[in-house]
Amino acid sequence: MHVLRSTREIAQMRKAGLAVWEAHQIAAKLVQPGTPTAEIDAVVEEHFQRINAIPLFKGVPGRVPFPAVTCISINEEVVHGIPGNRKLQTGDVVSIDTGCKLHGWCGDAAVTHAVGEVSEETQRLLRVTQETLELAIELMATCRMWSEVAQRMDQHVREAGFATVEAFVGHGIGREMHEEPQVPNFASPQLRRNGDFRIEPGLVIAIEPMVNMGSKQVRAMPDHWTQVTQDGKASAHFEHTVAVTESGPIPLTAGPDKAPLPDLIA
Ligand code: MG
């Protein structure tokens, strides 16, 4: 079972969330044709160092420990791309995912950007994926169980003619980046039977829809980390760390204009 967080703890998590939001603002400035993805990773790492935050992605265990503080995934790469020498090109979509721990509390968020001008269909993919995340946050104000939210998220994706990735899901978050419960972006009979959870004050989860333009199938690349779409079509990924409070859901990794500052969370 997962832990519920007090208002005071959620206010602390908002600080970590803002640090992650700042990292995304810094990274976004480098999203332009010609930027090697390792350069984006480097500025995020510097930012975390400057504010004494612990990067959460570096060293995550796998066949090889994850080598960077961000996951950067381009075009058909869905998630877990490793930053490197590859340069962004006009027409690419690039997903940047990062998280940090600040004063013992974690934040995790992802954004997919268009690099220069992209096709209309690609713009629609990004818009629909972002809408799916926003819809989930909004529905948390009224839905009682997560399966209701997940079902509506997947419905939104299907109605757009796209596919929700099922191989990866969101997660509880708090003292650690990955905690209980698992947070799928689609409702399966399995979720309803075992794994569904109540949306109630104190719940803090990272919600991260991954949406494919073609089929939902993904496969791992030989680097053991990068996940790509099996059909080679584009994929998008948006994520926020979200807390449920007595006054409603708060996206903890959103900017100061989109969610209350730590002192105002009560
Ligand atoms: Mg996450």
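This is a predicted model: local features need pLDDT of at least 70, side-chain atom pairs count only at pLDDT 80 or more; totals for chains, interfaces and linings use all residues.
**The magnesium site**

The magnesium ion has four protein donors: Asp 108 (OD), His 171 (NE2), Glu 208 (OE) and Glu 239 (OE). They lie 2.2 to 2.4 Å from the ion. Along the chain, the donors follow the spacing D-x62-H-x36-E-x30-E. His 171 belongs to strand β7 (residues 170–172), while Glu 208 sits in the loop between β9 (204–207) and β10 (210–212), so this pair ties together parts that are 37 residues apart in sequence. Both His 171 and Glu 208 are buried.

**The sheet**

Strand β7, which holds His 171, is part of an open sheet of five strands. The order of the strands is β8-β7-β9-β14-β15, and their pairing is antiparallel. At the edges stand β8 (179–183) and β15 (248–251); each has a single partner strand, so one side of each is left without a neighbour in the sheet. On average, neighbouring strands of the sheet are turned by 25° against each other, direction ignored.

Helix α1 (residues 7–28) packs on this sheet and touches β9, β14 (240–245) and β15. The direction of α1 makes about 160° with that of β14.

The pair β7 and β8 can be followed in some detail. A hairpin of six residues joins β7 to β8, and the two strands pair in the antiparallel sense over three bridges. The magnesium donor His 171 has Gln 182 in β8 as its bridge partner.

| α2 | 37–50 | 14 residues | 20 Å | 165° |

For α2, the reach of 20 Å is close to the 20 Å expected at 1.5 Å a residue.

Which residues of α2 are buried? They are Thr 37, Ile 40, Asp 41, Val 43, Val 44, His 47 and Phe 48. Seen down the axis of α2, these residues fall within an arc of 165°, so they line one face of the helix. An α-helix has 3.6 residues a turn, so residues three or four places apart point the same way. The buried residues of α2 pack against α1, β1 (54–55), β2 (70–74) and β4 (93–102). The face turned away from the buried side carries the exposed residues Gln 49 and Arg 50. Asn 52 follows α2 and has a positive phi, near 60°.

In α4, the buried residues are Trp 146, Ser 147, Val 149, Ala 150, Met 153, Asp 154 and Val 157. What covers them includes α3 (120–139), β6 (163–164), β8, α5 (189–193), β9 and β10. Here β8 and β9 are also strands of the open sheet. On the other side of α4, Arg 158 and Glu 159 are exposed. Just after α4 comes Gly 161, with a positive phi of about 85°.

Is Leu 125 buried or exposed? Leu 125 is buried, with a relative accessible area of 0%. Thr 129 is also buried, again with a relative accessible area of 0%.

Leu 125 is in contact with Phe 162, Val 211, Asn 212, Met 213, Ala 234, Ser 235 and Ala 236. One of these, Phe 162, is 37 residues from Leu 125 in sequence, yet their C-alpha atoms are 7.7 Å apart in space. Thr 129 is in contact with Pro 209, Val 211, Ala 236, His 237 and Phe 238. Val 211 and Ala 236 are contacts of both Leu 125 and Thr 129.

Notes
Residues are numbered from 1 along each chain as its sequence is written. Side-chain values use heavy atoms; hydrogens and water are left out. Donors are N, O and S atoms within 2.8 Å of the metal (3.2 Å for Na, K and Ca); water is not among the atoms, so sites may look incomplete. Helices (H or I, at least four residues) and strands (E, at least two) are DSSP runs, numbered from the N terminus. Buried means under 20% relative accessible area, exposed over 50%, partly exposed in between (1.4 Å probe, protein chains only). Two strands pair if DSSP finds at least two bridges between them. Axes are lines fitted to C-alpha atoms, for helices over the stretch in contact, and angles run from 0 to 180 degrees between N-to-C directions. Contact means heavy atoms within 4.5 Å. The expected span of a helix is 1.5 Å times one less than its number of residues. The arc is that of the directions from the helix axis to the C-beta atoms.
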